[in-house]
Amino acid sequence: MLADLKNTVKQTSIYSIGNLSSKLIGFILLPLYTSYLTTAEYGILAIIEASGQILIGIFAFSLPTAMLRWCATEKEDKQQKSIVFTTLITTLLIAITLSAVLIPFSLRFSILFFNHTRFTNYFIILFLSVSFGMLNNVPLNLIRLQEKSFFYIIITSLKFATILLLNIYFVVYKKTGVEGIILSQLIGNILLLLLTTPFLLKNIIAKFKVKILKEMFSYGFPLIFTAISALALSSADKYIIKFFVGDAGVGIFSLGHKFGSIINVFILQSFQLGFLPIAYKMYNKPNAKRYFSKILTYYVFVLVFTVLALSLFSMETIKFLSHKKSFWPAYSLVPLISFAFIFKGMQYVISLGFHYVKRTSFTAYIVLGTAVFNIILNILLVPKYGYAVSAYVMVISFFIMSVLTYYFSQRLFYIPYEIKKITMMIFVDLVLFGFSTLTNNSDLLIRLSVKSMLLISFPAVLYFLKF
(Lines give C-alpha, C1' and ligand atoms only; values in the text may rest on other atoms or scores of the structure.)
Protein backbone atom coordinates (compact mmCIF):
# COMPACT_ATOMS: atom_id res chain seq x y z
CA MET A 1 0.00 0.00 0.00
CA LEU A 2 2.92 2.33 0.68
CA ALA A 3 3.88 2.23 -3.00
CA ASP A 4 0.32 3.18 -3.96
CA LEU A 5 0.33 6.07 -1.51
CA LYS A 6 3.67 7.30 -2.85
CA ASN A 7 2.39 7.12 -6.42
CA THR A 8 -0.70 9.09 -5.42
CA VAL A 9 1.42 11.78 -3.77
CA LYS A 10 3.70 11.90 -6.81
CA GLN A 11 0.89 12.23 -9.33
CA THR A 12 -1.12 14.78 -7.34
CA SER A 13 2.01 16.82 -6.61
CA ILE A 14 2.94 16.98 -10.27
CA TYR A 15 -0.60 17.83 -11.31
CA SER A 16 -0.71 20.50 -8.64
CA ILE A 17 2.18 22.22 -10.41
CA GLY A 18 0.32 22.10 -13.72
CA ASN A 19 -2.94 23.15 -12.13
CA LEU A 20 -1.09 25.86 -10.22
CA SER A 21 0.24 27.33 -13.45
CA SER A 22 -3.20 27.48 -15.04
CA LYS A 23 -4.99 28.88 -11.99
CA LEU A 24 -2.31 31.16 -10.57
CA ILE A 25 -3.18 33.93 -13.01
CA GLY A 26 -6.14 35.15 -11.00
CA PHE A 27 -3.97 35.45 -7.89
CA ILE A 28 -0.85 36.90 -9.49
CA LEU A 29 -2.96 39.55 -11.19
CA LEU A 30 -5.02 40.48 -8.13
CA PRO A 31 -3.01 43.70 -7.56
CA LEU A 32 -3.51 44.48 -11.26
CA TYR A 33 -7.24 43.80 -11.15
CA THR A 34 -7.80 45.75 -7.94
CA SER A 35 -5.86 48.68 -9.42
CA TYR A 36 -7.45 48.83 -12.88
CA LEU A 37 -10.93 47.47 -12.09
CA THR A 38 -13.59 48.82 -9.77
CA THR A 39 -15.39 46.53 -7.33
CA ALA A 40 -18.35 46.58 -9.75
CA GLU A 41 -16.17 45.57 -12.73
CA TYR A 42 -14.58 42.82 -10.68
CA GLY A 43 -18.10 41.64 -9.87
CA ILE A 44 -18.94 41.57 -13.60
CA LEU A 45 -15.84 39.47 -14.25
CA ALA A 46 -16.93 37.04 -11.52
CA ILE A 47 -20.37 36.66 -13.09
CA ILE A 48 -18.86 36.04 -16.55
CA GLU A 49 -16.45 33.41 -15.20
CA ALA A 50 -19.18 31.66 -13.21
CA SER A 51 -21.43 31.58 -16.28
CA GLY A 52 -18.68 29.91 -18.31
CA GLN A 53 -18.17 27.23 -15.68
CA ILE A 54 -21.91 26.51 -15.56
CA LEU A 55 -22.14 26.19 -19.35
CA ILE A 56 -19.27 23.69 -19.45
CA GLY A 57 -20.81 21.77 -16.55
CA ILE A 58 -24.12 21.47 -18.39
CA PHE A 59 -23.15 20.90 -22.02
CA ALA A 60 -20.05 18.73 -21.63
CA PHE A 61 -22.43 15.99 -20.38
CA SER A 62 -19.52 14.69 -18.26
CA LEU A 63 -18.34 12.75 -21.33
CA PRO A 64 -14.60 13.28 -20.64
CA THR A 65 -15.10 11.86 -17.13
CA ALA A 66 -17.05 8.92 -18.52
CA MET A 67 -14.29 8.39 -21.09
CA LEU A 68 -11.80 8.21 -18.22
CA ARG A 69 -13.91 5.59 -16.45
CA TRP A 70 -14.36 3.39 -19.56
CA CYS A 71 -10.76 3.62 -20.76
CA ALA A 72 -9.37 2.86 -17.29
CA THR A 73 -10.98 -0.59 -17.32
CA GLU A 74 -10.40 -1.31 -21.03
CA LYS A 75 -7.21 -3.29 -21.64
CA GLU A 76 -7.32 -3.39 -25.45
CA ASP A 77 -5.46 -0.46 -27.01
CA LYS A 78 -7.64 -0.22 -30.12
CA GLN A 79 -10.78 -0.22 -28.03
CA GLN A 80 -9.41 2.61 -25.88
CA LYS A 81 -8.58 4.68 -28.95
CA SER A 82 -12.06 4.20 -30.40
CA ILE A 83 -13.59 5.34 -27.09
CA VAL A 84 -11.44 8.49 -27.19
CA PHE A 85 -12.47 9.12 -30.82
CA THR A 86 -16.14 8.70 -29.95
CA THR A 87 -15.83 11.14 -27.06
CA LEU A 88 -13.90 13.68 -29.13
CA ILE A 89 -16.31 13.71 -32.09
CA THR A 90 -19.36 13.92 -29.82
CA THR A 91 -17.83 16.78 -27.81
CA LEU A 92 -16.86 18.60 -31.02
CA LEU A 93 -20.44 18.41 -32.33
CA ILE A 94 -21.79 19.67 -28.99
CA ALA A 95 -19.28 22.56 -28.93
CA ILE A 96 -20.13 23.67 -32.48
CA THR A 97 -23.86 23.48 -31.76
CA LEU A 98 -23.46 25.41 -28.52
CA SER A 99 -21.65 28.32 -30.19
CA ALA A 100 -24.04 28.35 -33.15
CA VAL A 101 -27.09 28.51 -30.89
CA LEU A 102 -25.90 30.92 -28.17
CA ILE A 103 -23.78 33.51 -30.02
CA PRO A 104 -26.77 35.02 -31.92
CA PHE A 105 -28.37 35.75 -28.52
CA SER A 106 -25.33 37.53 -27.04
CA LEU A 107 -27.08 40.91 -27.12
CA ARG A 108 -30.02 39.55 -25.15
CA PHE A 109 -27.70 37.95 -22.59
CA SER A 110 -25.97 41.31 -22.15
CA ILE A 111 -29.29 43.00 -21.39
CA LEU A 112 -30.50 40.15 -19.18
CA PHE A 113 -27.38 40.04 -16.99
CA PHE A 114 -26.22 43.67 -16.97
CA ASN A 115 -29.15 45.76 -18.30
CA HIS A 116 -26.97 47.14 -21.09
CA THR A 117 -25.97 46.23 -24.66
CA ARG A 118 -22.29 47.14 -24.30
CA PHE A 119 -21.44 43.72 -22.86
CA THR A 120 -22.48 41.84 -26.03
CA ASN A 121 -18.86 41.12 -27.03
CA TYR A 122 -18.23 39.69 -23.56
CA PHE A 123 -20.75 36.93 -24.21
CA ILE A 124 -19.54 36.20 -27.75
CA ILE A 125 -16.03 35.68 -26.38
CA LEU A 126 -17.42 33.67 -23.45
CA PHE A 127 -19.37 31.23 -25.64
CA LEU A 128 -16.36 30.63 -27.90
CA SER A 129 -14.12 30.11 -24.88
CA VAL A 130 -16.59 27.63 -23.39
CA SER A 131 -16.63 25.62 -26.64
CA PHE A 132 -12.84 25.35 -26.76
CA GLY A 133 -12.76 24.61 -23.03
CA MET A 134 -15.11 21.67 -23.50
CA LEU A 135 -12.91 20.28 -26.27
CA ASN A 136 -9.78 20.68 -24.14
CA ASN A 137 -11.25 18.42 -21.45
CA VAL A 138 -10.89 15.42 -23.79
CA PRO A 139 -7.07 15.51 -24.27
CA LEU A 140 -6.51 16.68 -20.69
CA ASN A 141 -8.41 13.67 -19.30
CA LEU A 142 -6.55 11.37 -21.68
CA ILE A 143 -3.24 12.76 -20.42
CA ARG A 144 -4.37 12.05 -16.86
CA LEU A 145 -5.36 8.51 -17.77
CA GLN A 146 -1.93 7.79 -19.24
CA GLU A 147 -0.30 9.52 -16.24
CA LYS A 148 1.75 11.79 -18.50
CA SER A 149 1.96 14.37 -15.76
CA PHE A 150 5.05 16.19 -17.08
CA PHE A 151 3.39 16.70 -20.46
CA TYR A 152 0.42 18.09 -18.56
CA ILE A 153 2.70 20.58 -16.80
CA ILE A 154 4.30 21.73 -20.04
CA ILE A 155 1.08 22.49 -21.91
CA THR A 156 -0.70 24.10 -18.96
CA SER A 157 2.38 26.21 -18.21
CA LEU A 158 2.48 27.47 -21.79
CA LYS A 159 -1.20 28.33 -21.55
CA PHE A 160 -0.55 30.08 -18.23
CA ALA A 161 2.28 32.21 -19.63
CA THR A 162 0.20 33.19 -22.65
CA ILE A 163 -2.83 34.24 -20.62
CA LEU A 164 -0.69 36.08 -18.09
CA LEU A 165 1.08 38.19 -20.72
CA LEU A 166 -2.15 38.85 -22.61
CA ASN A 167 -3.88 39.96 -19.41
CA ILE A 168 -1.15 42.51 -18.75
CA TYR A 169 -1.23 43.68 -22.37
CA PHE A 170 -5.02 44.07 -22.59
CA VAL A 171 -5.65 45.48 -19.10
CA VAL A 172 -2.64 47.77 -18.66
CA TYR A 173 -1.79 48.88 -22.19
CA LYS A 174 -5.01 48.49 -24.19
CA LYS A 175 -7.27 49.46 -21.25
CA THR A 176 -9.89 46.93 -22.30
CA GLY A 177 -10.64 45.79 -18.74
CA VAL A 178 -12.89 42.75 -18.30
CA GLU A 179 -13.20 42.17 -22.05
CA GLY A 180 -9.43 41.84 -22.35
CA ILE A 181 -9.32 39.35 -19.47
CA ILE A 182 -11.88 36.98 -20.99
CA LEU A 183 -10.33 37.38 -24.46
CA SER A 184 -7.04 36.22 -22.95
CA GLN A 185 -8.80 33.10 -21.67
CA LEU A 186 -10.19 32.35 -25.12
CA ILE A 187 -6.76 32.64 -26.76
CA GLY A 188 -5.27 30.43 -24.04
CA ASN A 189 -7.90 27.74 -24.67
CA ILE A 190 -7.25 27.82 -28.42
CA LEU A 191 -3.50 27.48 -27.81
CA LEU A 192 -4.02 24.49 -25.51
CA LEU A 193 -6.11 22.70 -28.13
CA LEU A 194 -3.43 23.29 -30.77
CA LEU A 195 -0.72 21.95 -28.45
CA THR A 196 -2.64 18.75 -27.64
CA THR A 197 -3.89 17.99 -31.18
CA PRO A 198 -0.82 15.86 -32.16
CA PHE A 199 -1.20 13.86 -28.93
CA LEU A 200 -4.91 13.34 -29.65
CA LEU A 201 -4.26 12.14 -33.21
CA LYS A 202 -1.86 9.48 -31.90
CA ASN A 203 -4.46 8.17 -29.48
CA ILE A 204 -7.55 7.81 -31.65
CA ILE A 205 -8.87 5.35 -34.21
CA ALA A 206 -11.61 6.61 -36.52
CA LYS A 207 -14.21 4.19 -35.24
CA PHE A 208 -17.37 5.57 -33.66
CA LYS A 209 -18.83 3.41 -30.88
CA VAL A 210 -22.56 4.16 -30.63
CA LYS A 211 -23.21 1.49 -27.98
CA ILE A 212 -20.39 2.70 -25.74
CA LEU A 213 -21.50 6.32 -26.23
CA LYS A 214 -24.97 5.40 -24.96
CA GLU A 215 -23.41 3.70 -21.93
CA MET A 216 -21.20 6.73 -21.24
CA PHE A 217 -24.20 9.04 -21.52
CA SER A 218 -26.08 6.86 -19.03
CA TYR A 219 -23.11 7.01 -16.68
CA GLY A 220 -22.39 10.70 -17.21
CA PHE A 221 -25.94 12.05 -17.31
CA PRO A 222 -26.42 12.03 -13.51
CA LEU A 223 -23.02 13.70 -13.22
CA ILE A 224 -24.41 16.66 -15.22
CA PHE A 225 -26.72 17.42 -12.33
CA THR A 226 -23.86 16.85 -9.94
CA ALA A 227 -21.68 19.33 -11.86
CA ILE A 228 -24.48 21.89 -12.18
CA SER A 229 -25.39 21.55 -8.52
CA ALA A 230 -21.75 21.83 -7.47
CA LEU A 231 -21.39 24.97 -9.56
CA ALA A 232 -24.62 26.31 -8.08
CA LEU A 233 -23.13 25.77 -4.63
CA SER A 234 -20.07 27.84 -5.56
CA SER A 235 -21.61 30.35 -7.97
CA ALA A 236 -25.33 30.87 -7.30
CA ASP A 237 -24.53 33.14 -4.36
CA LYS A 238 -22.84 35.60 -6.75
CA TYR A 239 -26.00 35.93 -8.85
CA ILE A 240 -28.14 36.34 -5.72
CA ILE A 241 -25.76 38.96 -4.29
CA LYS A 242 -25.82 40.80 -7.62
CA PHE A 243 -29.62 40.90 -7.57
CA PHE A 244 -30.01 42.04 -3.96
CA VAL A 245 -26.77 43.97 -3.29
CA GLY A 246 -25.30 44.90 -6.69
CA ASP A 247 -22.08 44.41 -8.67
CA ALA A 248 -19.92 46.03 -5.97
CA GLY A 249 -21.11 43.46 -3.42
CA VAL A 250 -20.33 40.69 -5.89
CA GLY A 251 -16.85 42.17 -6.36
CA ILE A 252 -16.02 42.17 -2.64
CA PHE A 253 -17.50 38.70 -2.08
CA SER A 254 -15.71 37.35 -5.17
CA LEU A 255 -12.35 38.60 -3.93
CA GLY A 256 -12.91 36.87 -0.59
CA HIS A 257 -14.11 33.78 -2.42
CA LYS A 258 -11.11 33.77 -4.79
CA PHE A 259 -8.64 33.97 -1.92
CA GLY A 260 -10.57 31.48 0.23
CA SER A 261 -10.83 29.08 -2.70
CA ILE A 262 -7.05 28.85 -3.04
CA ILE A 263 -7.49 25.52 -1.26
CA ASN A 264 -9.97 24.46 -3.93
CA VAL A 265 -7.79 25.52 -6.86
CA PHE A 266 -4.40 24.35 -5.66
CA ILE A 267 -5.28 21.31 -3.56
CA LEU A 268 -8.78 19.95 -4.28
CA GLN A 269 -8.63 20.28 -8.07
CA SER A 270 -5.01 19.13 -8.26
CA PHE A 271 -5.80 16.13 -6.07
CA GLN A 272 -8.78 15.21 -8.23
CA LEU A 273 -6.69 15.39 -11.40
CA GLY A 274 -4.06 13.00 -10.08
CA PHE A 275 -6.19 10.79 -7.85
CA LEU A 276 -9.20 9.82 -9.98
CA PRO A 277 -7.36 7.63 -12.53
CA ILE A 278 -5.46 5.94 -9.67
CA ALA A 279 -8.68 5.42 -7.70
CA TYR A 280 -10.33 3.59 -10.59
CA LYS A 281 -7.30 1.31 -10.93
CA MET A 282 -7.14 0.67 -7.15
CA TYR A 283 -10.77 -0.38 -6.87
CA ASN A 284 -10.22 -4.15 -7.29
CA LYS A 285 -6.99 -4.42 -5.27
CA PRO A 286 -7.05 -6.33 -1.94
CA ASN A 287 -5.86 -3.37 0.16
CA ALA A 288 -8.15 -0.84 -1.56
CA LYS A 289 -10.31 0.03 1.45
CA ARG A 290 -7.38 0.70 3.78
CA TYR A 291 -5.73 2.74 1.02
CA PHE A 292 -8.83 4.94 0.59
CA SER A 293 -9.16 5.36 4.35
CA LYS A 294 -5.57 6.55 4.75
CA ILE A 295 -5.80 8.80 1.68
CA LEU A 296 -8.74 10.66 3.24
CA THR A 297 -6.91 11.16 6.55
CA TYR A 298 -3.72 12.50 4.96
CA TYR A 299 -5.74 14.56 2.48
CA VAL A 300 -7.75 16.24 5.23
CA PHE A 301 -4.56 16.97 7.17
CA VAL A 302 -3.21 18.93 4.18
CA LEU A 303 -6.56 20.69 3.73
CA VAL A 304 -6.91 21.70 7.38
CA PHE A 305 -3.33 22.95 7.66
CA THR A 306 -3.75 25.03 4.49
CA VAL A 307 -7.07 26.43 5.68
CA LEU A 308 -5.48 27.46 8.96
CA ALA A 309 -2.69 29.28 7.10
CA LEU A 310 -5.17 31.09 4.81
CA SER A 311 -7.40 32.05 7.72
CA LEU A 312 -4.61 33.31 9.96
CA PHE A 313 -3.09 35.65 7.37
CA SER A 314 -6.17 36.64 5.34
CA MET A 315 -6.29 40.19 6.71
CA GLU A 316 -2.66 40.97 6.01
CA THR A 317 -2.69 39.34 2.56
CA ILE A 318 -5.89 41.01 1.29
CA LYS A 319 -4.67 44.42 2.42
CA PHE A 320 -1.31 43.85 0.77
CA LEU A 321 -2.74 42.68 -2.56
CA SER A 322 -5.65 45.13 -2.81
CA HIS A 323 -4.62 48.69 -3.57
CA LYS A 324 -8.16 49.99 -3.06
CA LYS A 325 -9.58 49.99 0.46
CA SER A 326 -13.03 49.23 -0.96
CA PHE A 327 -11.84 45.61 -1.42
CA TRP A 328 -10.52 45.17 2.16
CA PRO A 329 -13.75 43.86 3.78
CA ALA A 330 -13.21 40.69 1.74
CA TYR A 331 -10.65 39.40 4.29
CA SER A 332 -13.35 38.52 6.84
CA LEU A 333 -14.91 36.06 4.37
CA VAL A 334 -11.74 34.04 3.75
CA PRO A 335 -11.75 31.89 6.94
CA LEU A 336 -15.35 30.79 6.36
CA ILE A 337 -15.01 30.10 2.63
CA SER A 338 -11.74 28.20 2.98
CA PHE A 339 -13.16 26.19 5.91
CA ALA A 340 -16.13 25.15 3.74
CA PHE A 341 -13.75 23.58 1.24
CA ILE A 342 -12.56 21.08 3.86
CA PHE A 343 -15.99 19.48 3.70
CA LYS A 344 -16.08 19.71 -0.08
CA GLY A 345 -12.72 17.92 -0.27
CA MET A 346 -13.94 15.19 2.06
CA GLN A 347 -17.15 14.78 0.08
CA TYR A 348 -15.21 14.24 -3.13
CA VAL A 349 -13.18 11.32 -1.77
CA ILE A 350 -16.13 9.72 0.02
CA SER A 351 -18.40 10.07 -3.04
CA LEU A 352 -16.08 7.84 -5.09
CA GLY A 353 -17.88 4.90 -3.49
CA PHE A 354 -20.84 5.74 -5.74
CA HIS A 355 -18.55 5.58 -8.79
CA TYR A 356 -17.15 2.18 -7.85
CA VAL A 357 -20.64 0.63 -7.77
CA LYS A 358 -21.76 2.79 -10.75
CA ARG A 359 -24.50 4.54 -8.74
CA THR A 360 -23.58 8.13 -9.62
CA SER A 361 -27.23 9.15 -9.33
CA PHE A 362 -26.75 9.22 -5.54
CA THR A 363 -24.17 11.97 -5.90
CA ALA A 364 -26.50 13.88 -8.19
CA TYR A 365 -29.40 13.75 -5.72
CA ILE A 366 -27.26 14.78 -2.75
CA VAL A 367 -25.49 17.67 -4.47
CA LEU A 368 -28.70 18.86 -6.16
CA GLY A 369 -30.58 18.84 -2.85
CA THR A 370 -27.76 20.72 -1.12
CA ALA A 371 -27.64 23.27 -3.94
CA VAL A 372 -31.37 23.93 -3.65
CA PHE A 373 -30.99 24.36 0.11
CA ASN A 374 -28.06 26.74 -0.46
CA ILE A 375 -29.99 28.90 -2.96
CA ILE A 376 -33.10 29.11 -0.78
CA LEU A 377 -31.07 30.06 2.29
CA ASN A 378 -29.18 32.73 0.33
CA ILE A 379 -32.40 34.22 -1.07
CA LEU A 380 -33.86 34.39 2.43
CA LEU A 381 -30.79 35.80 4.22
CA VAL A 382 -28.83 37.97 1.74
CA PRO A 383 -31.50 40.73 1.49
CA LYS A 384 -31.48 41.08 5.28
CA TYR A 385 -27.83 40.48 6.22
CA GLY A 386 -25.90 41.35 3.05
CA TYR A 387 -23.30 39.49 1.03
CA ALA A 388 -21.28 38.25 4.04
CA VAL A 389 -23.99 35.79 5.10
CA SER A 390 -23.36 33.78 1.92
CA ALA A 391 -20.05 32.60 3.40
CA TYR A 392 -21.87 31.12 6.42
CA VAL A 393 -24.42 29.48 4.13
CA MET A 394 -21.57 27.96 2.14
CA VAL A 395 -20.08 26.30 5.24
CA ILE A 396 -23.46 24.87 6.29
CA SER A 397 -24.21 23.59 2.78
CA PHE A 398 -20.87 21.82 2.25
CA PHE A 399 -21.08 20.27 5.72
CA ILE A 400 -24.55 18.85 5.04
CA MET A 401 -23.39 17.58 1.64
CA SER A 402 -20.41 15.72 3.14
CA VAL A 403 -22.52 14.14 5.91
CA LEU A 404 -25.18 12.89 3.47
CA THR A 405 -22.53 11.57 1.10
CA TYR A 406 -20.81 9.71 3.93
CA TYR A 407 -24.07 8.13 5.11
CA PHE A 408 -25.25 6.82 1.73
CA SER A 409 -21.84 5.94 0.30
CA GLN A 410 -20.97 3.81 3.33
CA ARG A 411 -24.16 1.81 2.83
CA LEU A 412 -23.17 0.96 -0.76
CA PHE A 413 -19.38 0.62 -0.42
CA TYR A 414 -18.14 0.60 3.16
CA ILE A 415 -14.70 2.04 3.91
CA PRO A 416 -13.41 2.38 7.52
CA TYR A 417 -12.57 6.09 7.40
CA GLU A 418 -10.75 7.56 10.41
CA ILE A 419 -13.50 9.99 11.41
CA LYS A 420 -12.14 10.50 14.93
CA LYS A 421 -8.78 11.76 13.63
CA ILE A 422 -10.48 14.00 11.06
CA THR A 423 -12.72 15.54 13.74
CA MET A 424 -9.68 16.13 15.94
CA MET A 425 -7.88 18.04 13.19
CA ILE A 426 -10.86 20.28 12.47
CA PHE A 427 -11.34 21.02 16.19
CA VAL A 428 -7.68 22.00 16.65
CA ASP A 429 -7.93 24.24 13.57
CA LEU A 430 -10.94 26.10 15.00
CA VAL A 431 -9.33 26.58 18.42
CA LEU A 432 -6.07 27.96 16.99
CA PHE A 433 -7.91 30.32 14.65
CA GLY A 434 -10.07 31.49 17.56
CA PHE A 435 -6.93 32.48 19.48
CA SER A 436 -5.61 34.37 16.45
CA THR A 437 -8.64 36.68 16.32
CA LEU A 438 -7.58 38.15 19.68
CA THR A 439 -4.63 39.80 17.88
CA ASN A 440 -6.61 41.50 15.08
CA ASN A 441 -6.29 44.95 16.67
CA SER A 442 -2.58 44.57 17.50
CA ASP A 443 0.40 45.95 15.57
CA LEU A 444 1.36 44.16 12.35
CA LEU A 445 4.58 42.66 13.77
CA ILE A 446 2.79 41.25 16.81
CA ARG A 447 0.00 39.82 14.66
CA LEU A 448 2.40 38.12 12.28
CA SER A 449 4.50 36.68 15.11
CA VAL A 450 1.57 35.26 17.06
CA LYS A 451 -0.13 33.87 13.97
CA SER A 452 3.08 32.23 12.77
CA MET A 453 3.49 30.53 16.15
CA LEU A 454 -0.11 29.30 16.02
CA LEU A 455 0.40 27.84 12.55
CA ILE A 456 3.59 26.05 13.57
CA SER A 457 1.89 24.68 16.68
CA PHE A 458 -0.80 22.85 14.67
CA PRO A 459 1.15 19.62 14.04
CA ALA A 460 2.66 19.84 17.54
CA VAL A 461 -0.77 19.95 19.15
CA LEU A 462 -1.90 16.97 17.07
CA TYR A 463 1.21 15.08 18.17
CA PHE A 464 0.47 15.63 21.87
CA LEU A 465 -3.13 14.55 21.24
CA LYS A 466 -1.67 11.26 19.92
CA PHE A 467 -2.85 11.88 16.37
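Predicted model: local features only at pLDDT ≥ 70, side-chain atom pairs only at ≥ 80, totals over all residues.
K294 sits in helix α14, residues 288-312, while E418 is in the loop between α18 (389-412) and α19 (419-436).

Searching the whole structure turns up six salt bridges. Let me show you two others. One of them is K242 with D247, where the side chains meet at 2.8 Å, N to O. Another is D77 with K81, with 3.5 Å between the closest N and O atoms. Those two residues are four apart in helix α6, residues 77-102, so about one helical turn separates them. As a reminder, an α-helix has 3.6 residues a turn, so residues three or four places apart point the same way. Is D77 buried or partly exposed? It's partly exposed, at a relative accessible area of 44%.

Next up, helix α16, which covers residues 334-356. Its 23 residues reach 34 Å from the first C-alpha to the last, close to the 33 Å you'd expect at 1.5 Å a residue. There's still a bend in α16, about 25 degrees, and it's at V349. And how much of α16 is buried? 23 of the 23 residues are, so the rest of the structure largely encloses this helix.

On to the aromatics. The count here is 27 aromatic pairs. Take F114 and F119: their ring centres are 4.8 Å apart and the planes are at 50 degrees, which falls between the 30 and 60 degree cut-offs, so the pair is tilted. F114 and F119 are both buried. They also belong to one aromatic cluster, made up of F109, F113, F114, F119, Y122, F123, F127 and Y239.

While we're in that stretch, have a look at N115. It lies in the loop between α7 (106-114) and α8 (120-145), and its phi is near 55 degrees, positive even though the residue isn't a glycine. Most residues other than glycine have a negative phi. With 68% relative accessibility, N115 counts as exposed. K466 is another non-glycine residue with a positive phi, about 65 degrees. You'll find K466 in the segment after α20 (444-464), and at 77% relative accessibility it counts as exposed.

Last bit, the surface. Which residues form a nonpolar patch there? They're F243, F244, V245 and I379, with about 400 Å² of accessible area together. I379 comes from helix α17, residues 361-385, and it is partly exposed, with a relative accessible area of 41%.

One more partly exposed residue before I stop: Y169, at 40% relative accessibility, in helix α9, residues 149-173. If you want a sense of distance, the C-alpha atoms of Y169 and K75 are separated by 47 Å, with the two residues 94 apart along the chain.

Conventions: Residues numbered from 1 in each chain as written. Heavy atoms only, no water. Expected span 1.5 Å × (residues − 1). Bend = angle between axes of the 7 residues up to and from the residue. Buried < 20%, exposed > 50% of the residue type's maximum accessible area, 1.4 Å probe, protein only. Patch = residues over 30% accessible without salt bridge, like charges linked within 9 Å, V, L, I, M, F, W, Y side chains within 5 Å. Areas by Shrake-Rupley, 256 points an atom, 1.4 Å probe, with all protein chains shown as cover. Salt bridge = Lys/Arg side-chain N within 4 Å of Asp/Glu carboxyl O. Phe/Tyr/Trp six-rings, centres within 6.5 Å; stacked < 30°, edge-to-face > 60°.
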